[in-house]
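Look at the sequence and the structure first, then read the points.

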Amino acid sequence: MKFALAVDSRIGGRGNNEDRLAVTCSSECVLLVVADGMGGHIDGEVAARIATEVLVQQFRCQATPRLLQPGDFLRWALGEAHQAIIDHAIAHHLREIPSTTVVVAIVQDDTVYCAYVGDSRLYLLEQGAVRFRSRDHSHVQRLIDSGQLSEAEAAVHPARNRIYNCLGAMGEPEVSVLHPLPLQAGCSVLLCSDGLWSVVPDPELARVFNGRVAPAVLPALMTVAEKRGGERGDNLSAVAFTLLPADAALDGRSGYIDSGTLAGFLPDDAVPGLLMEHELTAELLPRQPH
């Protein structure tokens, strides 16, 4: 599988960045993750970091070199991430459990498998259109679904940032696992936090990706979004993936990858801008499946 990857995370107008990103792949499948630590909660960035690390570690344990049931893996791994966040809070005697939204995708056999919790989104972009977009676990999305609110009204609604679902909350999170989405060469997959999608409308996202690959689009897109957010803008983070034709010439360019040449997993320095905290401490290691 040949593809192009780009990642970017900006602090926006906030005092610190609570978003975390992860990408890795084996010779046959790719993992993409965006986690948005919840502002207003203690250690939101810790919850986001734990979630990304657990997902990466479990992917590297089970993608050997492919996942047998990607959808089942995503549901299970997000449950493990949720439990790891709670275990961390208990071990460190935190007075509040850290929380995070997360969206995670697997690309395997020219198919996208996705699961999410909260309002971090997945977009599938093809030929200048949004072919698919995940539906937020938010109060305004419920109003849209019930016909009480339009998309335009939701964009300026005072409760647009209120979500009802996350990792780290009391009780089990509601994990939405999407139906598998077929992927063709030239299609792009975008995972992003609300700091990006809240200031860039869907038609604009589709237009800027039309005929372009992820590394050529994402840096400028993030700069535009950061400027629009201004001094009060949220953290904004994104992972973008474009599937390339099998005969594409990669020419050793950074961010352009042929997974079939990998002996193990994607080196962490293969994608410019990706900063990850690599090692899980023993207390964060999730339970292994029986």
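**Salt bridges in a predicted model**

D109 is partly exposed, with a relative accessibility of 47%; buried means under 20% relative accessible area, exposed over 50%, and partly exposed in between (1.4 Å probe, protein chains only). This is a predicted model, in which local features need pLDDT of at least 70 and side-chain atom pairs count only at pLDDT 80 or more, while totals for chains, interfaces and linings use all residues. Residues are numbered from 1 along each chain as its sequence is written, and side-chain values use heavy atoms, with hydrogens and water left out.

**Count**
- A salt bridge is a side-chain nitrogen of Lys or Arg within 4 Å of a carboxyl oxygen of Asp or Glu, and the model has 11 salt bridges.

**R66 and D109**
- D109 pairs with R66 in a salt bridge, with the closest N and O atoms 2.5 Å apart.
- R66 is in the loop between α1 (44-62) and α2 (70-91) and D109 in the loop between β4 (100-108) and β5 (111-117), so the bridge ties together parts 43 residues apart in sequence. Helices (H or I, at least four residues) and strands (E, at least two) are DSSP runs, numbered from the N terminus.
- R66 is partly exposed, at 29% relative accessible area.

**Helix α6**
- E204 forms a salt bridge with R228, the closest N and O atoms being 2.8 Å apart.
- E204 lies in helix α6 and R228 in helix α7 (residues 214-229), so this pair ties together parts 24 residues apart in sequence.
- E204 is buried at 15%, whereas R228 is partly exposed at 42%.

**Network**
- A network of salt bridges links R121, R133, D136 and D202.
- Both D202 and R121 are buried.
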